[in-house]
Amino acid sequence: MSQSVCILGVTGSIGRSTLKIIEQHPETYSVFAISAYSRIQELSEICKQFRPKIVVVPSDKLFELQRLLKQENLQDIEILCDEAGLVAVASCPDVDVVMAAIVGAAGLLPTLAAVKAGKRVLLANKEALVMSGDLMLQAAKEHQALLLPVDSEHNAIFQCLPQNYLHIEKNGEPLLGVQQVLLTASGGPFLNHSLEQLQKVTPAQACKHPNWSMGRKISVDSATLMNKGLELIEACHLFSIKEQFVTVVVHPQSIIHSMVQYVDGSTLAQMGNPDMCTPIAHALAWPTRITTHVPPLDLFLHSQLDFQQPDLVRFPALKLARQAMQSGGLAPAILNAANEVAVAAFLAEKIQFLDIAQVVEHTLNHVQNSSAESIEKILYTDEFARNIATEHIAQLES
């Protein structure tokens with residue numbers, strides 16, 4: 001029986017890779033609903049090929065999409081708008097699987113809606129867990145939703161952990177012989193840059209990742225190592241493990257996607273070519289496996305694998321993220337909000353590369369932390385932190 005898929009963020013790299021997998025397995029998966037934020041021409045072409053029942057766009061893109069769909073004689077596709085539309089498709093009874101691939105805090109409420117509707121949620125939006133990890137996991141438990149990681153690192157950890165590890169009650173201590181999780185990081189494009197060189201890097205340089213094809217925001221996060229910091233927080237929530245049991249390992253080749261060490265001295269690693277279609281296919285089909293176009297790893301081609309500790313002086317964002325996870329409560333949401341604002345300012349050439357972490361640290365120091373007991377409080381704090389970060393950026397510019 002075919003599974004009906006909703007792809008939130010269909011024109012991004014994760015969304016496009018998901019379409020590749022669905023295209024390879026038309027008898028197993030069909031596209032029911034999709035959303036996009038800005039690439040409306042590309043969205044209309046996706047509609048033409050995959051014929052979804054519902055499309056969600058920002059309200060200011062409604063007429064543009066209507067015009068394009070009319071040109072293709074696709075007026076039977078229903079169009080919804082804004083956050084309400086995203087929540088509606090994510091929780092729609094006709095949807096079996098939700099690919100949560102909207103970048104940033106904008107993906108939080110739709111992802112939570114999918115969880116509360118008891119869907120199989122393929123989690124590519126790490127910010128949803130960073131901001132509201134405890135609430136999200138509690139909702140998944142209450143509504144019997146299945147949260148499966150799509151980030152290559154978390155998917156790798158999931159594959160290396162004992163069966164059903166996600167569903168065992170834990171108190172932050174590793175169980176079933178697990179000793180620690182090794183979260184790999186490529187190190188980004190500036191791994192060997194000095195502090196002086198980092199001060200001068202441009203947005204174009206920061207967006208040119210050596211191994212992965214990603215969007216601009218996540219590419220900058222990878223360059224600052226904030227992406228790894230957000231992934232550390234996500235791993236703690238997803239696998240119910242304290243941050244001291246998660247070690248970040250810089251691995252420039254991006255062949256080992258992450259590892260799990262066991263008390264008997266074993267270290268299990270998940271390896272593969274750096275292509276997001278592999279973890280997407282794994283999460284879509286779990287607990288079975290399906291074919292992808294990704295070629296098997298050529299170990300003779302990749303004969304050398306390197307590992308090193310991250311440099312927290314040149315890349316302080318990773319340290320800030322670990323501290324936010326140690327603090328708990330609203331601190332990870334504050335960290336994420338400030339980072340999103342700072343990255344946007346860097347991409348707009350308002351601040352320099354090293355200012356990103358400085359803006360995040362300033363915001364963490366000027367927004368009061370407390371318990372994250374409700375989604376309303378998290379969203380309020382998110383907005384407040386963005387305002388503090390924006391004000392500080394204005395001071396840096398002047």
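**View 1. Ser30 is partly exposed in this predicted model.** The relative accessible area of Ser30 is 33%, where buried means under 20%, exposed over 50% and partly exposed in between, with a 1.4 Å probe and protein chains only. Ser30 sits in strand 2 (residues 29-35); strands (E, at least two residues) and helices (H or I, at least four) are DSSP runs, numbered from the N terminus. Leu19 is 11 residues from Ser30 along the chain, and the C-alpha atoms of the two are 9.5 Å apart. Residues are numbered from 1 along each chain as its sequence is written, and side-chain values use heavy atoms, without hydrogens and water. Local features need pLDDT of at least 70 and side-chain atom pairs count only at pLDDT 80 or more, while totals for chains, interfaces and linings use all residues.

**View 2. Cys92 is a buried cysteine in a structure with zero disulfides.** A disulfide is counted when a pair of cysteine sulfur atoms is within 2.5 Å. The closest cysteine sulfur to that of Cys92 belongs to Cys6, 8.4 Å away, so the two are too far apart for a bond. Cys92 has 12% relative accessibility.

**View 3. The second largest pocket has a volume of about 520 Å³.** Of its 15 lining residues, Leu137, Lys141, Leu166, His167 and Ser240 are the closest to the centre. A pocket is an open set of points on a 1 Å grid over the protein atoms alone, where a 1.4 Å probe fits, with protein on both sides within 12 Å along at least five of seven lines; lining residues have an atom within 4 Å of a point. The volume is the space filled by probe spheres set on the points. Helix 6 (residues 126-143) gives the largest share of the lining, five residues. Domain 1 (3-149) and domain 2 (150-320) each supply at least three residues; these bounds come from an automatic or database domain assignment.

**View 4. The peptide bond from Trp286 to Pro287 is cis.** Its omega is near 10 degrees. Pro287 belongs to the loop between helix 12 (277-285) and helix 13 (316-327).

**View 5. Leu176 has a positive phi, and so does Glu349.** Leu176, which is not a glycine, has a phi of about 55 degrees and lies in the loop between helix 7 (152-160) and strand 8 (178-185). For Glu349, phi is near 60 degrees. Glu349 is in the loop between helix 14 (331-347) and helix 15 (355-366), and is exposed at 64% relative accessibility.
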